[in-house]
Amino acid sequence: MDSLGFPWYYPTLMSMLIFAGAMEFVTIQLLFAPFNPLHALLLTLIVNARHLFYAITMLDKFKDCGLKKLYLIFGMCDETFAINCSAMLPPEVDRGRFMTCVTALNHCYWVAGATVGAVAGSFISFNSEGIEFMMTALFTVIVLEQWDSTTEHRPALLGMLIGSSCLLVLGPKMFVVASLGGIVLTKLLLRPLFEHDASVHQHLAMTSKE
């Protein structure tokens, strides 16, 4: 933003109001393009399509959070999802309050980091080669944590199968959107089956304890 002539507070405002890292970078280009709200909407949906998976996963956890749910939905970035989805909380801890605090802290960190970067970016430079691997590492950690925290691996295996199939059929440039759509549709269709199996396993576990 600094290199393109924007004042330092633009990144701060964008981080506060958009709070979606990839989309904030894309927004920089949209600010120079002719105003086209439909294009901006479709581009945002494509760039942040992974949030469809986050939303499906967190439906039950957000269900009883009251008005806090509105902020939780707005602030559900990659890092917040990774923490809130995998956190094993004691019974006495209020899950809604915990998730809201995690979301608010991550939001503050992001705004503070963007502000410092905007102010310092004009006179500090560094070699950022390879930094894009950070997101690959983050998603790998999320997958491994989710795999270890549950005995139900069918959704993950289905996701791998659909993604690999789309990659083979459509190629690396076209497979992402098709994979996301296929995984979301499959998850929605098979969700009752997974929930039924989970309730059966839970009942069997409780019966065995008794």
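**Figure 1. Leu-59 in helix H4.** The place of Leu-59 is helix H4, in a model that is predicted. With a relative accessible area of 43%, Leu-59 is partly exposed, because that value falls between the 20% limit for buried residues and the 50% limit for exposed ones. Between the C-alpha atoms of Leu-59 and Val-119 there is a separation of 38 Å. Along the chain, these two residues stand 60 residues apart.

**Figure 2. Overall fold of the protein.** The protein contains ten helices and zero strands. Read from the N terminus, its elements follow the order α-α-α-α-α-α-α-α-α-α. The C-alpha trace spans about 65 × 50 × 35 Å along its principal axes. The protein has 210 residues, of which 26% count as buried.

**Figure 3. The loop between helices H3 and H4, with Asn-48.** Asn-48 is located in the loop that joins helix H3 (37-47) to helix H4 (51-62). Its relative accessible area is 14%, so Asn-48 is buried. In sequence, Asn-48 and Leu-167 are 119 residues apart. In space, the C-alpha atoms of Asn-48 and Leu-167 lie 19 Å apart.

**Figure 4. A nonpolar surface patch.** The patch covers about 1000 Å² and is made by Leu-4, Trp-8, Tyr-9, Tyr-10, Leu-13, Met-16, Leu-17, Leu-31, Phe-32 and Val-119. Helix H1 (9-17) and helix H2 (21-32) are the elements that give two or more residues to this nonpolar patch. Helix H1 gives the most, with five residues. One of the patch residues, Tyr-10, lies in helix H1. Tyr-10 is partly exposed, at a relative accessible area of 32%; a patch residue must have over 30% relative accessible area, as well as no salt bridge.

**Figure 5. The loop between helices H1 and H2, with Phe-19.** Phe-19 is placed in the loop between helices H1 and H2. The phi angle of Phe-19 is near 50°, which is a positive value in a residue other than glycine. Phe-19 counts as buried because its relative accessibility is 6%, and the limit for a buried residue is under 20%.

**Figure 6. The second largest pocket.** This pocket has a volume of about 1300 Å³. Its lining comprises 35 residues, and those closest to the pocket centre are Gly-21, Glu-24, Phe-25, Trp-110 and Ala-114. The elements that give two or more residues to the lining are H1, H2, helix H6 (78-86), helix H7 (95-120) and helix H8 (133-149). Helix H7 supplies the largest share, nine residues. By residue class, the lining divides into 19 nonpolar, ten polar and six charged residues.

**Figure 7. Gly-113 in helix H7.** Gly-113 is found in helix H7, the element with the largest share of the lining of the second largest pocket. Gly-113 has a relative accessible area of 44% and is therefore partly exposed. Its C-alpha atom and that of Ser-15 are separated by 9.2 Å. Along the chain, Gly-113 and Ser-15 are 98 residues apart.

How values were computed:
Residues numbered from 1 in each chain as written. Predicted model: local features only at pLDDT ≥ 70, side-chain atom pairs only at ≥ 80, totals over all residues. Heavy atoms only, no water. Patch = residues over 30% accessible without salt bridge, like charges linked within 9 Å, V, L, I, M, F, W, Y side chains within 5 Å. Areas by Shrake-Rupley, 256 points an atom, 1.4 Å probe, with all protein chains shown as cover. Salt bridge = Lys/Arg side-chain N within 4 Å of Asp/Glu carboxyl O. Helix = DSSP H or I, 4+ residues; strand = E, 2+ residues; numbered from the N terminus. Buried < 20%, exposed > 50% of the residue type's maximum accessible area, 1.4 Å probe, protein only. 1 Å grid on protein atoms, 1.4 Å probe; cavity = no way out; pocket = protein on both sides within 12 Å on 5 of 7 lines; lining within 4 Å. Points joined across faces, edges and corners; volume = space filled by probe spheres on them. Nonpolar A, V, L, I, M, F, W, Y, C, P; charged D, E, K, R; others polar.
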